Amino acid sequence: MESNISTCAICNGDRRRGVGGSGFTADCSHQFHFRCVSGSLGISSRQACPLCSARCRDLPSSRSSKSMPPPPASRVPAQPFFRPKEPRVFDDDDPVVRAPRPLGDRHHGMGSASTSSGSIAVSLNTHCEYSSLPRDATHENFAVLVHARAPGSGGMSIADTPPRARAPLDLVTVLDVSGSMVGSKLALLKQAMGFVVDSLGPADRLCVVSFSSGASRLMRLTRMSESDGGKALAKRAVESLAAGGGTNIGAALRKAAKVLDDRLHRNAVASVILLSDGQDTYTVPRRGQDADYDALVPPSCAYTGDGYRSAPVHTFGFGTDHDAAAMHTIAEATGGTFSFIENEADIQDAFAQCIGGLLSVAVQELRVDVACANTGVQVRSVSSGCYRSRIDEDGRAASIDVGELYADEERRFLLLMDVPRARVTSDVTHLMQVSCAYRDMATGLATNVDGEDAVVLRPSRSASLERSAEVDRERVRLEATDGIAAARAAAERGAHEEAVEILRKRQRAVARSAVARAGDSMCVELSRDLQEMRARVADRRRYELSGRAYVLAGLSSHAQQRATSRQMSCGGETTGRRAEAGRGTTQISTASFSYMTPAMMDMLDRSRRSRELRSKERPRSANY
């Protein structure tokens, strides 16, 4: 203990031997030679500790130490990572960068809501199950699809300067460093975190929390600026990680929630990434159906269902020993996604896909509103997945709280309606008017968009009509998702043959659908995903090993209509995208690619290129 007190935190030299003059102790209790601390301050004018960046008073200037001899050169580490003592309140976050926002029109008509990439507003379209209905008949459960698409990023990668400004991110990474993470797992985690740090921009802020038997905040919420040393500090924090101890996910999430709750400044987008390879034995000692996984979720992180998410927690199950049910519950309760990293070498790609979305948030607090236009038309039900929907008592209006959308991201909602007879003189029935309200992340303004009205023709005679492909595709997806949930329930109670049969029937129904026979890519991918699930739920051993995690990651993806990471193992039968991983080749589930956005794909490609570059450099370094 005595050596820590008397050692310069920058050069590791002994402060008691008069080398470098008398010592200096900062407000945060870090100790330095005057020469070392003043030399560090010469790079930046900020009155802050060069290690933890905590605000300090009366730091020595470079002039006060010009006459002092240099510190001993024999001590090697120039900038070691020193874990500062945690303050009682985490209000020591870096100030945010306030970029000027352009003034914009607060209301967009149908012409402004273009469906093309790079559009300036959310686009809203409707698709009726049939384009016309007989005039003299009533119709119950008539399907209308509402399709929303977020503004695009202009087709440019995140690294370029996009035509639409993106919102800066507050990110808290919660990393498992329990004893089971020792060795290659921890090394892969450090590489993946290095990629995350490199991908963040100077306006983004990062906090790293590690946990084992307890949880520690390794660094405050810091701007990822090269010039201010934020990225260097983050990389030193990541490199300091060491494995050992138990797995206390509850304490880790409470620490992450405190970071976000206590922060003095706030970026527009906030999120938590949680990675664990184990099972919490502190907050939730019992596993299985009796486990209270909701106890892991801090109250401030829980999604209330009003369209606003304080900070979704995106969870990543690392390897085959993690508690998939716990990770899925955390993600579901906070509005995040659950991903299954079966092949440990794919951790960087999984993080990259998630980061690509978080760095391209285009819309927040999105609410879709539906109003019935014709007397007698009523909304019966809304299929909205995990998004909360409401229907007025008289069925004349409905709304869906969607929340946050990434650039180019889409959401589809299927409404079932009652349509009355039409008047003899009426050739058209206006079913409903669609609109939405949201906060535009490029302008910061509250925005309203009028969508496309749903209209059906009412001829005097019935005619054979084709069903809308858009409606049919969504029905197939929803029915398959219901089948996946039912198969999971059967597998949990040990009825594995029943689970396989449920998935087989759903796969057959998908293949026989009109859209699948027409070659629809989503249906082809969905069929392959169902086949993969059949293999993984076939018996208790396979289900416990990987089936539960794979199925839950699929349910998370379909409920959110957002891509999650999971790998397929069907070999040549799968045509999903491939990524080099160590010696082998893994394949990302094709079903997830149905929800991939251009920004997520761009970040994923960058991750793969960086991994390929590393693999090529290893043989070279071995030759020297």
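This is a predicted model: local features need pLDDT of at least 70, side-chain atom pairs count only at pLDDT 80 or more; totals for chains, interfaces and linings use all residues.
The expected span of a helix is taken as 1.5 Å times one less than its number of residues. At the N-terminal end, helix 11 is capped by Asp-520, a side-chain oxygen of which lies 3.2 Å from the backbone nitrogen of Met-522. Met-522 is itself one of the buried residues of helix 11.

The side chains of Gln-507 and Arg-534 are joined by a polar contact of 2.6 Å. Gln-507 has a relative accessible area of 13%; since this value is under 20%, the residue is classed as buried. The C-alpha atoms of Gln-507 and Val-524, 17 residues apart in sequence, are separated by 9.8 Å in space.

Helix 3 (residues 184-199) and helix 4 (residues 230-239) form a further helix pair, with axes that come within 10 Å and cross at roughly 170°. Because angles over 145 degrees count as roughly antiparallel, helix 3 is assigned a roughly antiparallel orientation relative to helix 4. On the side of helix 3, the contact is made by Lys-190, Met-193, Gly-194, Val-197 and Asp-198. Helix 4 contributes Lys-231, Ala-234, Lys-235, Val-238 and Glu-239. The end C-alpha atoms of helix 3 are 23 Å apart, in agreement with the 22 Å that its 16 residues should span at 1.5 Å a residue. Among the contacting residues of helix 3, Lys-190, Met-193, Gly-194 and Val-197 are buried. Burial in helix 3 also includes Lys-185, Leu-186, Leu-189, Ala-192, Phe-195, Val-196 and Ser-199.

The largest nonpolar core has 59 residues, of which Val-172, Val-174, Ile-249, Leu-274, Ile-330 and Phe-338 touch the most other members. Residues up to four places away in sequence not being counted, Val-172 touches Cys-207, Val-209, Ala-256, Val-259, Leu-260, Ser-271, Val-272 and Ile-273. A second, separate core of 49 residues includes Leu-186, Met-193, Leu-359 and Val-361. Leu-186 and Met-193 belong to the buried set of helix 3, and Met-193 also takes part in the contact with helix 4.

Backbone geometry was examined next. Most residues other than glycine have a negative phi. Asn-141, which is not a glycine, has a positive phi of about 55° and lies in strand 5 (residues 139-149). With a relative accessible area of 33%, Asn-141 is partly exposed. Gln-561 likewise has a positive phi, near 55°, but is placed in the loop between helix 12 (540-560) and strand 21 (567-568). Gln-561 counts as buried, at 4% relative accessibility.

Arg-220 lies in the loop between strand 8 (215-217) and strand 9 (222-223) and counts as buried at 4% relative accessibility. The side chain of Arg-220 makes a polar contact of 2.7 Å with the side chain of Asp-94.

Technical notes:
Residues are numbered from 1 along each chain as its sequence is written. Side-chain values use heavy atoms; hydrogens and water are left out. Buried means under 20% relative accessible area, exposed over 50%, partly exposed in between (1.4 Å probe, protein chains only). Helices (H or I, at least four residues) and strands (E, at least two) are DSSP runs, numbered from the N terminus. A polar contact is a pair of N or O atoms within 3.5 Å; within protein, one must be able to donate a hydrogen and the other to accept it, and residues adjacent in sequence count only if both atoms are side-chain atoms. A nonpolar core is a set of buried Ala, Val, Leu, Ile, Met, Phe, Trp, Tyr and Cys residues joined through side-chain atoms within 4.5 Å. Contact means heavy atoms within 4.5 Å. Axes are lines fitted to C-alpha atoms, for helices over the stretch in contact, and angles run from 0 to 180 degrees between N-to-C directions. Angles under 35 degrees count as roughly parallel, over 145 as roughly antiparallel, 65 to 115 as roughly perpendicular and the rest as oblique.
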